[in-house]
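Me: Hi! I'd like to talk through a structure with you, starting with a few side chains. Here it is.

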Amino acid sequence: RERLLHLEVADAHDPYFLFSLDVGEGDFHELRREHALLVDFAAFPAHFVDLLRRCEIEDAPAPAGESSFCCCLERPWRDAAKFAVVEANRFKQVEHLGLRVEAGDDAAIKLYLAGRLAQALLEGSRARGAHGDASGRLEEATARNDELEAAGRALEERLRRHEADHGASRAEAEAAARERLAKEVGALQAQHADELRQERARLAAERDRVAADRDAHADASRKHRDAAAERGEALARKDAALAVLRRTVDESEKARATLDAACKTRTAEAAAADANCRGLELRLASTTQRAEAAEATVSRADA
């Protein structure tokens with residue numbers, strides 16, 4: 001089954017403003033070739049989200065001499081609209097990515113609104129659950145406080161009865177009762193403080209875990225960007241090496257052509273020299289024959 005990347009451009013203040021785009025693995029090859037992307041389909045969503053986050057971070061004016069990122073929606077564009085991520089500086093604007101998005105029809109808008117409604121209901125359900133948990137903890141604390149107050153009233157009642165029954169030992173009984181009450185109240189307050197500290201520690205640990213996950217995600221995104229930059233640099237180095245190799249091959253071809261021409265010239269010169277040698281040999285043979293004929297003539301004359 002082909003994986004699909006779904007993109008929606010919406011406006012929180014206009015529920016009927018919707019542009020969408022579906023990019024499959026097959027369509028991504030054309031998108032990658034058109035924009036010279038260095039990542040594959042699996043890594044594209046993370047890098048695209050990182051670009052959008054940079055646009056959110058850089059809503060404030062960028063310092064002088066530095067680039068800023070922004071998103072823009074151009075319409076009409078090729079019978080549709082174009083959602084682009086643009087990097088701008090004082091020199092020029094560079095469009096990193098331009099996606100052709102289609103305006104949502106009634107069915108798409110209804111589907112989008114249904115999804116947002118489901119998301120809002122889910123968030124409301126979660127908020128109600130959190131509120132219910134908080135209400136439960138508040139009720140427990142209230143019940144615990146009521147128990148403490150009831151215990152205090154019971155102790156006070158016991159104290160009054162004790163004072164009525166034992167008037168002579170009133171001061172001693174009152175001090176003992178107050179001491180017991182103070183101990184019980186202190187114990188209950190200590191227990192409540194321990195529970196409160198445990199809850200705060202749990203919340204702090206949860207907050208630290210969320211921060212660690214966020215930092216890990218940021219580190220992973222940074223590593224992905226560094227890896228992409230390293231791959232780009234390696235590709236540039238390979239292209240440079242390939243260009244040098246091509247120049248070397250061209251120079252070798254030229255040198256070989258020069259050597260071939262020189263060899264042909266030397267071969268022609270050698271052939272001419274061989275022909276000249278054969279002519280000299282023929283002339284030498286003719287001269288030898290004439291000399292021998294002259295010697296024979298001289299010999300016959302002497303005879």
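Me: Which backbone oxygen does the side chain of His 29 reach?

Reply: The side chain of His 29 reaches the backbone oxygen of Glu 25, at 3.5 Å. Keep in mind that this is a predicted model.

Me: OK, and where does His 29 sit, and is it buried or exposed?

Reply: His 29 is in helix H1, which covers residues 25-35. His 29 counts as exposed because its relative accessibility is 55%, and the cut-off for exposed is over 50%.

Me: How far is His 29 from Phe 41, C-alpha to C-alpha?

Reply: Their C-alpha atoms are separated by 8.4 Å, and the two residues are 12 apart along the chain.

Me: Let's switch to salt bridges. How many are there?

Reply: The count comes to 15 salt bridges. One of them joins the side chains of Glu 95 and Lys 82, with N to O at 3.1 Å. That pair links distant parts of the chain: Glu 95 is in strand S5 (residues 93-103) and Lys 82 is in strand S4 (residues 80-88), 13 residues apart.

Me: Are those two partners buried or exposed?

Reply: Lys 82 is buried, at 11% relative accessible area. Glu 95 counts as partly exposed, at 39% relative accessibility.

Me: Which salt bridge does Arg 160 form?

Reply: Arg 160 pairs with Glu 157, and their closest N and O atoms are 2.4 Å apart. Both residues lie in helix H3 (residues 106-165), 3 residues apart, which is about one turn of the helix.

Me: How accessible are Arg 160 and Glu 157?

Reply: Arg 160 is partly exposed at 46% relative accessibility, and Glu 157 is partly exposed too, with a relative accessible area of 30%.

Me: What about Arg 222, which residue does it pair with?

Reply: Arg 222 forms a salt bridge with Asp 219, and the closest N and O atoms are 2.1 Å apart. Both are in helix H4 (residues 170-302), 3 residues apart, or about one turn of the helix. Arg 222 is partly exposed at 39% relative accessibility, and Asp 219 is partly exposed with a relative accessible area of 31%.

Me: Changing topic: which residues make the nonpolar surface patch of about 250 Å²?

Reply: Leu 242, Leu 245 and Val 249 make that patch. Leu 245 is found in helix H4.

Me: Last stop, helix H2. How does its span compare with what its residues should give?

Reply: Helix H2 has 14 residues (44-57), which at 1.5 Å a residue should span 20 Å. Its end C-alpha atoms are 20 Å apart, so the two agree.

Me: Which residues of H2 are buried, and where do they fall around the axis?

Reply: Phe 44, His 47, Phe 48, Asp 50, Leu 51 and Cys 55 are buried. Seen down the axis of H2, the buried residues fall within an arc of 155°, so they line one face of the helix.

Me: And what is on the other side of H2?

Reply: Glu 56 and Ile 57 are exposed there.

Key: Residues numbered from 1 in each chain as written. Predicted model: local features only at pLDDT ≥ 70, side-chain atom pairs only at ≥ 80, totals over all residues. Heavy atoms only, no water. Salt bridge = Lys/Arg side-chain N within 4 Å of Asp/Glu carboxyl O. Helix = DSSP H or I, 4+ residues; strand = E, 2+ residues; numbered from the N terminus. Buried < 20%, exposed > 50% of the residue type's maximum accessible area, 1.4 Å probe, protein only. Polar contact = N/O pair within 3.5 Å; in protein donor to acceptor, adjacent residues only side chain to side chain. Patch = residues over 30% accessible without salt bridge, like charges linked within 9 Å, V, L, I, M, F, W, Y side chains within 5 Å. Areas by Shrake-Rupley, 256 points an atom, 1.4 Å probe, with all protein chains shown as cover. Expected span 1.5 Å × (residues − 1). Arc of directions from axis to C-beta.
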